[in-house]
Amino acid sequence: MSGNLPVQSVTADYAQRVADDLSANRSEQERVRSELARLQDELVRLEDSEQVLTKMQEVLGGTPKQAAKQRKGGKEAAVPAARGSNGKTAGKSAAAAGRKASKKTASPKKAGEPTWLELTTAYLGGQSEPQSAAEVAASLTEAHPERAVQVAVVRNSLEQGVAQGLLERSKQGRSVFYSPTAPASAPSGS
């Protein structure tokens, strides 16, 4: 009987190691599943953001078709959807829930309020030197405290003004400054 004792202790050690490894493996699977779910939610938010930016680009006169061609031309990795505890795919419902949660309701512009483009061009028209988007946003915040001023919205309005020829963009290093376009001077006849 003394010969069976070491075999049983070795077997018990191996059984304990296997049980520990199995537990660690299951914990790692759960961690990876939660990370995958987080990444899928982030992907849904980025896709929603892309749709908003594409619509803004269309409004600003850009060409979203070129961006779509660039996306399709690049290689995309296929990511399988996460599986729920019952083995069924849970990615679609999680993605739909993420899309619903990320939708925000925008307050409509009140009648008679000037557009952001009108506000930015009017402000820059009264300035003697070019201004950055942050400076314009800060000034508009002071001038219009009743409106929620966002630097990104102001920047988009400034870029829209550049696209329409109302404003000029100049770069100084990594900084971008905006100013009204100089009025066309009459050609001098000599």
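1. Which are the buried residues of helix 5 (residues 133-143)? In this predicted model, they are A133, V136, A137 and L140. Around the axis they cover an arc of only 100°, and they therefore sit on the same side of helix 5. The spacing is in keeping with a general rule: an α-helix has 3.6 residues a turn, so residues three or four places apart point the same way.

2. As for what lies against that side, the buried residues of helix 5 pack against helix 4 (116-125), helix 6 (151-163) and strand 2 (175-180).

3. The crossing in which helix 5 passes helix 6 is right-handed.

4. At the level of residues, helix 5 contributes A133, A134, V136, A137 and L140 to this contact, where they meet V151, V154, R155 and L158 of helix 6. By class, the contact of helix 5 with helix 6 comprises eight nonpolar residues, no polar residues and one charged residue.

5. Turning to helix 4, its buried residues are W116, L117, L119, T120, Y123 and L124. Viewed down the axis of helix 4, these fall within an arc of 165°, so they line one face of the helix, while A122 and G125, on the other side of helix 4, are exposed. The cover over the buried residues of helix 4 includes helix 5, helix 6, strand 1 (167-172) and strand 2.

Methods. Residues numbered from 1 in each chain as written. Predicted model: local features only at pLDDT ≥ 70, side-chain atom pairs only at ≥ 80, totals over all residues. Heavy atoms only, no water. Buried < 20%, exposed > 50% of the residue type's maximum accessible area, 1.4 Å probe, protein only. Helix = DSSP H or I, 4+ residues; strand = E, 2+ residues; numbered from the N terminus. Arc of directions from axis to C-beta. Contact = heavy atoms within 4.5 Å. Left-handed = near helix turned anticlockwise from the far one by under 90°. Nonpolar A, V, L, I, M, F, W, Y, C, P; charged D, E, K, R; others polar.
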